[in-house]
Amino acid sequence: MQNIQLIQDIQVWADQFPWLEMLTSLSILLAIAFVANFFTKQVVLRGIRALITRSKLSFGNIIAEHSVIRRISNIVPAIIIMNGIETVPHLSSKIILIVQMLSQAFIFLTIALAISQFLNLFNVIYQRNPKSINKPIKGYLQLVKLIIFIVCGLMILGTFLKKDVFTLLAGFGAMAAVLMLVFQNTILSLVASVQISSYDMVRIGDWIEMPTLNADGDVIDMSLHTITVRNFDKTFTTIPTNRLVTDTFKNWRGMQEQGVRRIKRSIIIDQNSVHFMTALEQSKLREFLLLDQYLDQKNNELKEFNQQYVNSSVNNQRRLTNLGTFRAYVDYYLKNHEGIAQNQSLIIRQLQPTSEGLPIEIYAFTNTTAWGKYEDIQSDIFDHLLAILPEFGLKIFQNPTGSDFKITQ
């Protein structure tokens, strides 16, 4: 009886101070929310993470590292406050309504963030699949995130306006044109992402070249709005996704898949150095093993041809030229070069003569795509050809410099 009387006395005394009763009840509610939050994160959350880590799932550690479950656990104290605020005495109905609205908005936002984090986790797990290089899904997941946050924003707005989400959507129907304008880049990027994925235009790891945007390097990331390229000078270029559909770019994937890389470079010959070869010059060039067979074959062909025109003058007969012999030498040289892919096109051709000289173009493919090795092979070939040109009586054309006009004393 004494205890009951004591409680009644405390209640009577507390009725004289309503603010004290309100603060006490509010403190108890916050303490319960804090304890529930602590228990959820320190006990339940750790237990779930331990189970996932110890499981045999290959991606268990990835799931444990991401904060999907942790974000969801933030809902627990919000639910307690939203439902328990009504039990706090002496609070006005407006304050109770505002707290409930804020708690509900927090729950919606937390759920949206948790789903977004789950999509990030799904993308990380998907990228461990080798097929993800050809079919990245990051852009589609970003679109899903955008839709989720739009719906979340509408639900939060509907909470404060006390209206249904579908009612808000009906009201936004008149603003469709404005929304199309606002999300124009997103819509264009979505369409471009679908086209890029469908036609397999670009993959992560591809070497692409886009001079209009100063991009020349490897694709390291593909998202909904942008594609990131790491250039060979170690800079980064961010390309809008839709620009890959509207603009021209070069993808070097075919070269990498074939394992070969093209050489297309010319040697400019001074046309004044081109002449018919004498017997002495031919005998000198027979020292090159690559030309011995060629000279015998060519001389036999010319002898048979010229015998058909016995009455022709010497000037009208066909004879070997130093330029033609040089082209034959280059052809034999490249066909026996260990750095040249013999199963690809190999052409030695003359281009249109210009005032700069006569270009002899080499069109061949190296058997490697490594940049350093490719440049070494190409340089070695042209080093050799430039050094051996005088043996054929040919000269390289170059514009005169100051030293060419220097008067010798």
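These notebook entries record what I looked up in a predicted model.

**Conventions.** I worked from a predicted model, in which local features need pLDDT of at least 70 and side-chain atom pairs count only at pLDDT 80 or more, while totals for chains, interfaces and linings use all residues. Residues are numbered from 1 along each chain as its sequence is written, and side-chain values use heavy atoms, with hydrogens and water left out.

**Entry 1: the five-stranded sheet.** I took helices (H or I, at least four residues) and strands (E, at least two) as DSSP runs numbered from the N terminus. Two strands were taken to pair if DSSP finds at least two bridges between them. On that basis I found an open sheet of five strands, ordered S4-S3-S2-S1-S5, with antiparallel pairing. Its edges are strand S4 (236–240) and strand S5 (250–251), each of which pairs on one side only.

I then went through the pairings. Strand S2 (residues 215–222) is joined to strand S3 (residues 226–231) by five bridges, in the antiparallel sense. Within this pairing, Met-222 has Ile-227 in S3 as its bridge partner. Strand S1 (residues 207–210) runs antiparallel to S2 and is joined to S2 by four bridges; Glu-209 stands opposite Asp-216 in S2. The hairpin of S1 and S2 has four residues between the strands, and I noted that Asn-214 takes a positive phi there, near 55°. Two bridges join S1 to S5, again antiparallel, and Ile-208 stands opposite Asn-251 in S5.

**Entry 2: the three-stranded sheet.** I next examined an open sheet of three strands in the order S6-S8-S7, whose pairing is antiparallel. Strand S6 (261–269) and strand S7 (347–350) are the edges; each has a single partner strand, so one side of each lacks a neighbour in the sheet. Ignoring direction, neighbouring strands of this sheet are turned by 15° against each other on average; for such angles, axes are lines fitted to C-alpha atoms (for helices over the stretch in contact), and angles between N-to-C directions run from 0 to 180 degrees. S7 pairs with strand S8 (residues 358–366) over four bridges, antiparallel. Here the bridge partner of Gln-350 is Ile-360 in S8.

Helix H15 (residues 322–335) packs on the sheet and touches S6, S7 and S8, its direction making about 160° with that of S7. Contact means heavy atoms within 4.5 Å. Helix H16 (residues 371–388) lies across S6 and S8 and runs at about 25° to S6.

**Entry 3: H15 against H16.** I recorded an angle of about 150° between H15 and H16, with their axes 12 Å apart. That makes H15 roughly antiparallel to H16 (angles under 35 degrees count as roughly parallel, over 145 as roughly antiparallel, 65 to 115 as roughly perpendicular and the rest as oblique). H15 passes H16 in a right-handed crossing; a crossing is right-handed if the near helix is turned clockwise from the far one by less than a right angle, and left-handed if anticlockwise. Phe-326, Tyr-329, Val-330, Tyr-333 and Leu-334 in H15 meet Asp-380, Ile-381, His-384, Leu-385 and Ile-388 in H16. By class, this contact of H15 with H16 has eight nonpolar, one polar and one charged residues (Ala, Val, Leu, Ile, Met, Phe, Trp, Tyr, Cys and Pro count as nonpolar, Asp, Glu, Lys and Arg as charged, and the others, Gly among them, as polar).

Entry 4: My search of the whole structure gave seven aromatic pairs. One of them joins Phe-232 and Trp-371, tilted, at 5.4 Å centre to centre and 55° between the planes. Rings of Phe, Tyr and Trp (its six-membered ring) pair if their centres lie within 6.5 Å; planes under 30 degrees apart count as stacked, over 60 as edge-to-face and the rest as tilted. Phe-232 lies in the loop between S3 and S4 and Trp-371 in helix H16, so the pair ties together parts 139 residues apart in sequence.

Entry 5: Helix H5 (residues 75–84) packs against helix H6 (residues 93–127) at an angle of about 160°, their axes 9 Å apart, which makes H5 roughly antiparallel to H6. The crossing of H5 past H6 is left-handed. The axes of H6 and helix H7 (residues 138–161) come within 9 Å and cross at roughly 175°. H6 and H7 are therefore roughly antiparallel. Their contact divides into 18 nonpolar, five polar and two charged residues.
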